[in-house]
Amino acid sequence: MEKLDIVGQSKQRVDALVKVTGQAKYSADLRRPDMLIAKALFAKYPHAIIKSIDVSKAEKLDGVAAVMTAKDLPGRNGYGILVPDKPVIAERKTKYEGDPVAIVAAVNLDTAEKAIALIEVVYEPLHAYDDPREAMKDDAVKIHEQHPAAEKGNILCVLKLDRGDVDKAFAEADIVIENDYETPMVDHAYLEPDIAIAELDSTTGGLILTSAGQAVYATKRCLAPVFGLPQSKVRVVAPVIGGGFGGKEDSTLDVCAVAGVLALKTRRPVYFELTRAEVFRTTGKRHASYIKHRLAANRDGKIVAIDVQTILDKGAYVSMGGTKAPLHGVTMRTLVYAGGTYAIPNARARAYSVFTNHPYSCAFRGFGAPQVQFAVECQIDELAHRIGMDPVAVRTLNMLKDGDMTITGQIMKESRGLGLGECIQKVTQRIKWDQPIDHGKGPVRRGKGFGAFIYGTGIPLAFEGSSAFANLELDGTLNVAVSSTEMGQGIATTVAQLAAQTFGVKYESVDVVFSDTGRSPDSGPTVGSRSAVMVGNAVAEACRQLRSRLLEVAGKQFFQADPSTLTIKDGLVYVEGRPENAEKVATIAARAFVSQVPLSVIGTWFPPQPTFNSADGQGEPYHAYGFGAHAVEIEVDTETGVINVLRSVLACDVGKAINPAIVEGQMEGGAAQAVGYGLMEEPIMAAGVMQNTGFHNYMIPTTKDLPDLESVIVEHSNELGPYGAKGIGEPPLIAGAPAIRNAIYDAIGVKINIIPLTPRRVLEAIRQQAGQAR
Amino acid sequence: MRPFHYERAATPAAAVKMAGTTPMSPDQPSVATPVQYLAGGTNLLDMMKIDVMRPDRVVDINAIAETRHGGIEVSDDGMWLGALARMAEVAEHADVKHRFPVIAQSLTLAASQQLRNMASIGGNVLQRTRCPYYRDTSYAECNKRDPGSGCAALGGFNRMHAVLGTSKACIATYPGDFAQALIALDARVEITGAHGHRSMAFAELHRRPDDEPHMETRLAPGELITAFTIAALPWARRSKYLKIRDRESYEFALASAAVALDMDGDIVREARIALGGVATVPWRASAAEHEIQGKRLDERALAAAAEAAFADARVFEHNAFKIALGKRTLTRALRETAAMET
Ligand SMILES: Cc1cc2nc3c(=O)[nH]c(=O)nc-3n(C[C@H](O)[C@H](O)[C@H](O)COP(=O)(O)OP(=O)(O)OC[C@H]3O[C@@H](n4cnc5c(N)ncnc54)[C@H](O)[C@@H]3O)c2cc1C
Ligand code: SF4
């Protein structure tokens, strides 16, 4: 096998220097000549009929260039990644706090704000729904009077998974464990707020949108009808991004739509930036979930069946929530992962996606997996305690191994990487799982907890795949273009390493252009832990083609040798084993150029086409899965309810770490986010109105809330990934919260099935348990 | 943020004079005072950005830090803290840490390092409540901002709100930490105004909401805090600040206790207790002090002190947990203070 000297190294990130020296330009750093500033008047009531809107005073204000309501829009008043159900400007009804009712462009922010304050709206408020379990009742007021995809009332969809004979398995099982779990709707809490600049494209007559977004091609396709433009006339560019976590797949549409229609109306560039409070109130969130999880097992610890019902808080619009056609979104993932990372022969899962008057629930790191796998990992611990078996032993006994079948009927193969066993082993070793912990005697008690996860690489839809562009310059440098976005996760660096390794130039000789529909083919959205694998494969394919074209020329015109005996390394071409007799890539490229050999290539890669049957939830949604194990050691202060995470050890099977430092970055970030998800992050909603809309009361962890986050990289190669890689973007978040919850049980014997585990919730649970014991 | 006039003053006298040129009514809500001193700005600028404070004039007093009023003086007679000393300077001062630990701890456990580097201790004691309805002008109801308008917190999400010292008009929590430490050490505050110099017991500075929650302190408009003084209590060394919060940095107290104990063996000769996070003002818990005076600090005395401290507590829809938490915080602080090596 080829010796890897670039892939597998923690190369300095391509964007490191410009970022630490402040030269990198984020959307908020950009200005355009003659630029207007936009503001939106958002709904005063999360659920209301709009009786009338009077914009006349705002229009008369000096410095106001345009005031628009729904009737002034140039195209379709609706967009969305799956279903175009979210209006650019609400017309008859408001469905959540983030619906714009009118929008304004003015010469400066001050004027725009004044204009917004002058708009008069008369509403007839309706009952606002916070709880999907209430909204799904037959007599609930329909939030969407007519919805293109809804199944019934406020129920967007009900998805099903059926495998084996669940009822029989439950009837015959020794043990049945049944619990209700709840996980919160959380904000992505990215540092950079949502921003868009829209301007007319002087070459095509269309629009250029510059915005912090995770999916430039999807943005173009979703919004072209809104602008009344063909897709070819919309160009979308994403500069470097200050964090996305899935949220900026959708929120970019919100800001681009507003800026875009105002730019078309005023014929001037328009800048639209959300305040932090607006980001909290109006942009997408993680789906809150209400899960009833039943698990049947035998006394020996073997799980025989699950029966799971998940109700998801959809918020006001479909976003990435899930529909039957296309069968996609978070709802479907709650089926796929309903049994966690275990081989379970009989399974029934039902997932309900229900509209409420909350912000639309969208993609968020883990995409449904953290919700159901929280339930699964708590259930496994309960099973272990019930039968007196070690929780890790129960996991090892049941985990998916080579040849096992998942609950969707997919056969797992070691050739695609099945590293869970090694992850478990490494984590238990590090945290000394076998050694008893001193639980402590005073009010502060200690405990250890464990969690494991599975997560598919990519998008389980028929179109999954990527294209990338590679261009060999005549000086021997290499340009690669992908439409993926760089939001701090490191894709540009990963792509550069893959290109340099595959083609044979120095890492420093590769430059990567990213996220511009005008400069690269469609690499797909930057979501689903897919880019290193899907886009990486497309880049590698382009570089392989370029390499063979160059070797062809070198063999014929320079070395008089069979190209297969030649190699390229560090920008030099030579006969394998004879580096002293080398030619520069630049020299050969120049010759190729005059020999009519094309030096630009579009590489593509498609995984085996994903399948998933909507009738029974069976199929092969992903070509490969990532795995991991997470153990924590915590301290519970039983007098105050405060939980302190003392240690966090996370091992992830990534197939191949193309850049280990970047992989560790993803792992540490995910583990930190898991502490927030498990312990503190929670929007407080009152009849659709978010009460904590700033970082002073919407809490995310600080470094002081985190222990040293220990990461262990495990590599079980995926035969279809570039150099064996699998996805790592989302997985590190998944198992942290259940590990913390399980550790609390270990420490004080109290079970809490609702996250976040705030001091108040912990104290209440301790008190309740004490009350029951009495 | 709205436009304002900006001026600089290099001495307390100059600052007071500058402020005095705008006529100010003593009945105006504290938050609406048209002239504001700018110290670290970590609270003032925040409040201006969210449009809750709209001063016409801002008098920058940071140059006063170059005078004695930016300094820290520790002697056998006690301690003198200039109002312009930064939180970080006081928190990290070796003598303060050693001889007045409750002061240093209350500051170290507040805000974040960046904020402590900027924020002055004078500004700290005057920081505004974090009541979310007070901080969000889209809520019309807030008696503190707009007298007579009502209180959105009463029927709202009041988990962070007070259980002690509340009134029908306002239940907002006093958010700071340092003020409790000052009370635990019987500190005084020095004030300069148009009519000269005065000083008062620090515990008198803040006013309970009662019918006038918009009147937050006993400072007259334009008065400037110049210093805090603490007399040499031999037992100030046996003092401690305990703070319980939702996360470990950058966060206000759910409950806190500042405690100073004068011990004769295991008998409490004298005690000072101030509570934070649970009350509308920095809260001296005199009844709790009384419970342990002259007693051995056993579990019974601790429980009695905790009961006494919260005997008059009143809870609202979301904050009932604060009573149990507040009691436990206090008993733990007392226990740990008694066990201190001094
Ligand atoms: C995110 C965050 C977290 C925080 N967490 C905590 C915490 O946990 N605990 C805590 O105690 N605090 C906390 N704070 C508050 C912080 O400590 C205060 O903002 C700071 O102490 C105020 O000091 P300053 O010098 O910046 O005051 P400024 O903002 O300059 O002034 C505040 C007010 O006091 C007035 N003022 C200032 N100096 C004087 C003076 N000498 N005489 C008369 N009036 C004066 C000003 O006019 C203004 O009205 C936090 C703040 C933030 C932003
Ligand atoms: S508690 Fe006080 S500050 Fe908060 S809304 Fe009520 S009156 Fe205003």
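This is a predicted model: local features need pLDDT of at least 70, side-chain atom pairs count only at pLDDT 80 or more; totals for chains, interfaces and linings use all residues.

Visitor: How many residues surround ligand 1?

Guide: A residue is near a molecule if its C-beta atom, placed from the backbone, lies within 6 Å of it. Here 32 residues surround ligand 1, and the closest are Gly40(B), Ala110(B), Gly122(B), Gly123(B) and Asn124(B). The surrounding residues come from chains A and B, so the site is shared between chains.

Visitor: Of which classes are the residues in the shell around ligand 1?

Guide: Ala, Val, Leu, Ile, Met, Phe, Trp, Tyr, Cys and Pro count as nonpolar, Asp, Glu, Lys and Arg as charged, and the others, Gly among them, as polar. The shell has 17 nonpolar, twelve polar and three charged residues. Domain bounds come from an automatic or database domain assignment. Domain 1 (5–62) and domain 2 (239–338) of chain B both contribute to the shell, so it lies between them.

Visitor: What is the order of the strands in the open sheet of chain B?

Guide: Strands (E, at least two residues) and helices (H or I, at least four) are DSSP runs, numbered from the N terminus. Two strands pair if DSSP finds at least two bridges between them. The open sheet of five strands has the order E4-E5-E8-E6-E7 (chain B), with antiparallel pairing. Strand E4 (72–75) and strand E7 (196–201) of chain B stand at the edges with a single partner strand each, so one side of each has no neighbour in the sheet. Between E4(B) and strand E5 (residues 78–82) of chain B there are four bridges; within E5(B), Gly78(B) is the bridge partner of Ser75(B).

Visitor: How many residues of chain A are in contact with chain B?

Guide: Two residues are in contact if their C-beta atoms, placed from the backbone, lie within 7 Å. By this rule, 19 residues of chain A are in contact with 16 residues of chain B. Helix H18 (residues 759–773) of chain A gives the largest share of the chain A side, three residues.

How values were computed. Residues are numbered from 1 along each chain as its sequence is written. Chains are lettered from A and ligands numbered from 1 in the order in which they are written.
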